[in-house]
Amino acid sequence: MESSKARWIGLSVIALACVLYSMDLTVLNLAIPAISADLQPSSAQLLWIVDIYGFMVAGALITMGTLGDRIGRRRLLMIGAAAFGVASVLAAFSNSAEMLIVTRALHGLAGATIAPSTLSLIRNMFDDPAERMKAIGIWISSFSIGAVMGPLVGGVLLEYFWWGSVFLINVPVMILLLILAPRLLPEYKDESAGRMDLPSAALSLSAVLLLIYALKDTAEQGVNTMGALSFVGGLALGVWFVRRQAALKDPLIDLNLFKAPGFKAVLGTYLLSCLTMFGVYVYIAQYLQLVLGLTPLVAGAWTVPWALAFVVGTNITPWLAKQLGQAKLVVFGLLGTAIGFAGLALLSIKADMGLLVFATVVLALGLSPMFTLGTELIISSAPPEKAGAASALAETGAEFGGAVGIAVFGSIGVAIYRDRMESLLNPAWPSEIQRAAQDTLGGALASAVQLPAIEQISLLQAARHAFMEGMQLTSIAGAVLMLLASVLAYKSLKHLRTSH
């Protein structure tokens, strides 16, 4: 595995796993109507079917990253791949909502092995910083390619097969991965690692699950008792986890990582970028389907330019970093991202696909340097034997940033929507229609069919305008946050050389 050619061939195996991981995050959304018709889940069960995968991935990342350092990154990747394949078969043939929720949870645990294992393998396979940056660009690109393929592959499968086919597509890819990984990937682990501290693993899983549940619940339901209790409980467990790591001889996360120059600032900027991107991007899918009335497959197709821009951006980042320097490139990228968010703020209920594509492509190109260079800086700041733990921190930061962004930006949008709708609703309409219409844009679309044609148009126009106000304001907030992130990036990265 010493030759350069072997390293790059091994990277292709890593990319294959990441494509599949990313596809699984997006492909399910298209299958929801068919799953609802077949398994007839309650609204709460449907929410868990969609969310449990991401919850389990986020909660298990830290544990899996450290576990890979101890038992070997390749071994953990293969165990995860085998478990992912088995969970895919079980999910495909689930005969109840409860069974699908459990199998999706198993999917999440298996999926949590992929990101830290693959990223830490890259850290060990590529010693040269320039090569490693290119490899990370390809690694990030593979997630973008998976996100593009998810809706397209899912749409084709659902056109000809039953909903379980979207899970079975995982099986042959995972079998291929299990065959190729021992031949093409080296094994690395921390030979001096101590025993795994199981209480720490339980604390990290519980803390992350509670915090992300609280954030998503607040985004969907508004501030409520259950969400608040979950948040406080998760925070308390998180503090307990950190204190336990400081006292352990062999901690799950080495807190000395945070003492590395610029590590905290880079991780914070990375998290803020993820927060803003996910927080605003959640509106784009609704805009395409609920405001413009596009089908899920067509809406997915309009997100392809965004994903392809990420592929291009992450792969030209190493070259641009040599020309401009890392600090300048990240700062200019984040400033460009602010322009992209400003473009989204100009969208209206009338379709302007040119502006949408321009804004999302600028967003993707602007964020690419931060994600590529930020990831490289985070994992290279750790010694090679701790690469799994550092990789897990980067991925957990991304998951947390996404969850916080969806919760905060989602809550702002919902509050604006409900406030505007309160003054726009006709008091003569039935109370159940008023409640549904004021709750969400989807509720307004579903309830409008019960009204006469003229009043339908009136309700839908009002609801779409109210939604767009929320989207426009959150896009402006995203632009402001990206300006702040650019300042933070400038201060934390200005010490870097032209090429890391």
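**Talking through the model**

Tutor: Happy to! Setting aside neighbours within four places in sequence, L90 is in contact with M99 and T103, where contact means heavy atoms within 4.5 Å. One caution: this is a predicted model, so local features need pLDDT of at least 70 and side-chain atom pairs count only at pLDDT 80 or more, while totals for chains, interfaces and linings use all residues. Residues are numbered from 1 along each chain as its sequence is written, and side-chain values use heavy atoms, with hydrogens and water left out.

Student: Thanks! Where is the place of L90?

Tutor: L90 is in helix α3, residues 73-92. Helices here are DSSP runs (H or I, at least four residues) and strands likewise (E, at least two), numbered from the N terminus.

Student: And how accessible is L90?

Tutor: L90 has a relative accessible area of 36%, so L90 is partly exposed. The cut-offs are under 20% for buried and over 50% for exposed, with partly exposed in between (1.4 Å probe, protein chains only).

Student: Zooming out, how many helices and strands are in the chain?

Tutor: The chain has 19 helices and zero strands. Of its 500 residues, 53% are buried.

Student: What share of the contacts with a separation of 6 or more comes from residues 24 or more positions apart?

Tutor: They account for 82% of those contacts.

Student: Let's do helix packing. At what angle do α6 and α13 pack?

Tutor: Helix α6 (residues 129-160) and helix α13 (residues 304-324) pack at about 175°, and their axes are 8 Å apart. Axes are lines fitted to C-alpha atoms, for helices over the stretch in contact, and angles run from 0 to 180 degrees between N-to-C directions.

Student: What does that make α6 relative to α13?

Tutor: Roughly antiparallel. The classes are under 35 degrees for roughly parallel, over 145 for roughly antiparallel, 65 to 115 for roughly perpendicular, and oblique for the rest. Residues in the contact include M133, K134 and G137 of α6, and V304, A307 and F310 of α13.

Student: How do the residues of that contact divide by class?

Tutor: There are 12 nonpolar, five polar and one charged. Ala, Val, Leu, Ile, Met, Phe, Trp, Tyr, Cys and Pro count as nonpolar, Asp, Glu, Lys and Arg as charged, and the others, Gly among them, as polar.

Student: How do α13 and α15 pack?

Tutor: α13 and helix α15 (residues 353-380) pack at about 40°, with axes 7 Å apart. The two are therefore oblique to each other. Among the residues that meet are P305, W306 and A309 in α13, and V357, T360 and V361 in α15. That contact has 14 nonpolar, six polar and no charged residues.

Student: New topic: which residues have the most contacts inside the largest nonpolar core?

Tutor: They are I14, W139, Y287, L344, M421 and F467, in a core of 100 residues. A nonpolar core is a set of buried Ala, Val, Leu, Ile, Met, Phe, Trp, Tyr and Cys residues joined through side-chain atoms within 4.5 Å. A second, separate core of 15 residues includes L39, A91, A92 and F167.

Student: Last one: is G336 buried or exposed?

Tutor: G336 counts as buried, at 17% relative accessibility. G336 lies in helix α14, residues 326-344. G336 and G366 are 30 residues apart in sequence, yet 5.2 Å apart in space, C-alpha to C-alpha.
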